[in-house]
Each structure stands twice: as C-alpha cells, then as structure tokens.
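The following note sets out numbered points for a colleague who will work with the coordinates.

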Amino acid sequence: MSGCLMNRISIFVDGNNMFYAQQKNGWFFDPRRVLEYFTSEPSIELVNAFWYTGIKDAQDQRGFRDALISLGYTVRTKILKEYYDDNSGRYSQKANLDIEIVIDMFNTVEQYDRVVLFSGDGDFERAIELLRSKNTHITVVSTEGMIARELRNATDRYIDLNDLRPYIEKSDY
C-alpha cells in the first residue's frame with residue numbers, strides 16, 4: 001500500500017464523554033483546533049468529522065451545534081433521558097450515543113484509513129478490534145482516570161488530552 005492511501009482520516013467525538021474529561025482536566029478544547037491539529041500534514045485528507053451529543057430539547061446547545069456544523073462536523077444528537085440513581089437518591093441525565101458512533105464508523109469504513117476517536121468508553125473495544133482487523137489505524141484520545149483499560153489496549157495509539165492541550169485548547173473564554 002502506498003503512503004497516500006493511508007491518510008484519509010475520520011474523527012469521531014463522543015461529546016458527552018469529552019465534556020466530563022475536559023471538566024476533570026480543568027480546560028476545554030476548541031473543535032476547530034482539533035480539526036486543524038489532526039489534518040496539519042498536507043498529505044492528510046479529512047473525510048469526516050462527527051460530533052455526538054445529548055440535548056435536553058430541540059433548541060438545547062443550538063448555537064454550539066450550528067458552530068460545529070459550520071466547521072464541517074456532522075452533528076448527531078439524542079434527547080437526554082432522566083435516570084433515577086437508587087444509591088445517590090438523585091436523578092441524572094444521560095444520552096448514550098455509542099450505537100450511533102459505531103454505526104457511523106462502520107457505515108463509512110470504506111471512506112477512511114485512520115480513525116481518531118475522542119472517548120474513553122470501554123464499550124468501543126469490540127468495534128475498535130473489528131476496525132483494526134480491516135487495516136484501519138485507530139487513535140483514541142481521552143484522559144487518565146477516564147480511559148477504559150480495554151479500550152486503551154485495543155487501540156493502535158492512545159493520546160492523553162493533556163498532551164494535546166498546547167495545540168487544541170480553547171483560548172477565548
């Protein structure tokens with residue numbers, strides 16, 4: 001395989017998972033700088049960038065979602081569901097978009113050679129193993145304490161978010 005064939009890249013951002021990772025780290029990344037960082041080499045062609053996020057209602061995060069779309073992301077949303085936690089006695093909201101992420105990964109598998117997955121969720125382990133068996137190079141971006149061991153072991157390359165901070169941090173708070 002020639003080098004130029006291996007440089008079609010797709011980026012998948014598990015927005016909810018990344019929100020907590022960024023909160024934990026105490027800084028936030030800029031979606032535009034993420035695209036710039038992973039496509040900085042001229043030989044790299046960005047074929048897709050997906051962003052997945054849970055929303056309270058149709059208007060929730062509208063400005064942010066519109067900004068993502070204008071940057072070139074395909075935005076997938078799901079309405080948050082409320083769950084009661086017996087242990088804490090509190091309600092929490094969750095929108096699990098793992099299935100949507102995996103469907104998009106496999107639905108577009110012919111279009112890319114490399115995947116960058118922003119998530120620490122161990123549920124992706126099997127999907128990553130299958131993609132690697134199709135000669136896809138997988139990079140997982142997450143953060144210490146939030147990256148599942150299974151996922152870290154299944155991936156070709158793991159990058160800690162904090163190592164990317166100088167390149168992708170949001171500067172305009």
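1. R126 and E129 are joined through their side chains by a salt bridge, with an N to O distance of 3.2 Å; the term denotes a side-chain nitrogen of Lys or Arg within 4 Å of a carboxyl oxygen of Asp or Glu. The two residues are three positions apart in helix α5 (residues 125-133), so about one helical turn separates them. R126 counts as exposed, at 52% relative accessibility, and E129 as partly exposed, at 35%. Here buried means under 20% relative accessible area, exposed over 50%, and partly exposed in between, with a 1.4 Å probe and protein chains only.

2. The model is predicted: local features need pLDDT of at least 70, side-chain atom pairs count only at pLDDT 80 or more, and totals for chains, interfaces and linings use all residues. Residues are numbered from 1 along each chain as its sequence is written, and side-chain values use heavy atoms, with hydrogens and water left out.

3. D113 and R8 form a salt bridge in which the closest N and O atoms are 2.9 Å apart. D113 lies in the loop between α4 (98-107) and β6 (114-118), and R8 in strand β1 (residues 8-14), so this pair ties together parts that are 105 residues apart in sequence. Helices (H or I, at least four residues) and strands (E, at least two) are DSSP runs, numbered from the N terminus. D113 is buried, at 6% relative accessibility, whereas R8 is partly exposed, at 25%.

4. A salt bridge also links D60 to K56, with 3.9 Å between the closest N and O atoms. D60 is buried at 14% relative accessibility, while K56 is exposed at 54%. In total, the rule gives eight salt bridges.

5. The largest pocket has a volume of about 900 Å³. A pocket is an open set of points on a 1 Å grid over the protein atoms alone, where a 1.4 Å probe fits and protein lies on both sides within 12 Å along at least five of seven lines; lining residues have an atom within 4 Å of a point. Grid points are joined across faces, edges and corners, and the volume is the space filled by probe spheres set on them.

6. Which residues lie nearest the centre of the largest pocket? They are G15, N16, N17, F19 and T53, from a lining of 34 residues. Two or more lining residues come from each of α1 (15-25), α2 (31-38), β2 (45-55), α3 (62-71) and β5 (90-94), and α1 gives the largest share, six residues. By class, the lining has 13 nonpolar, ten polar and eleven charged residues; Ala, Val, Leu, Ile, Met, Phe, Trp, Tyr, Cys and Pro count as nonpolar, Asp, Glu, Lys and Arg as charged, and the others, Gly among them, as polar.

7. The second largest pocket has a volume of about 200 Å³. Its lining comprises 14 residues, with F38, E41, I44, R114 and R157 nearest the centre. At least two lining residues come from each of α2, β6, β7 (137-142) and β8 (157-160); β6 supplies the largest share, three residues. Seven of the lining residues are nonpolar, four polar and three charged.

8. An unreviewed UniProt entry carries the annotation "domain: NYN" for residues 8-161; such annotations may be inferred rather than shown by experiment. In the model, this span is 36% helix and 32% strand, and its end C-alpha atoms lie 22 Å apart.
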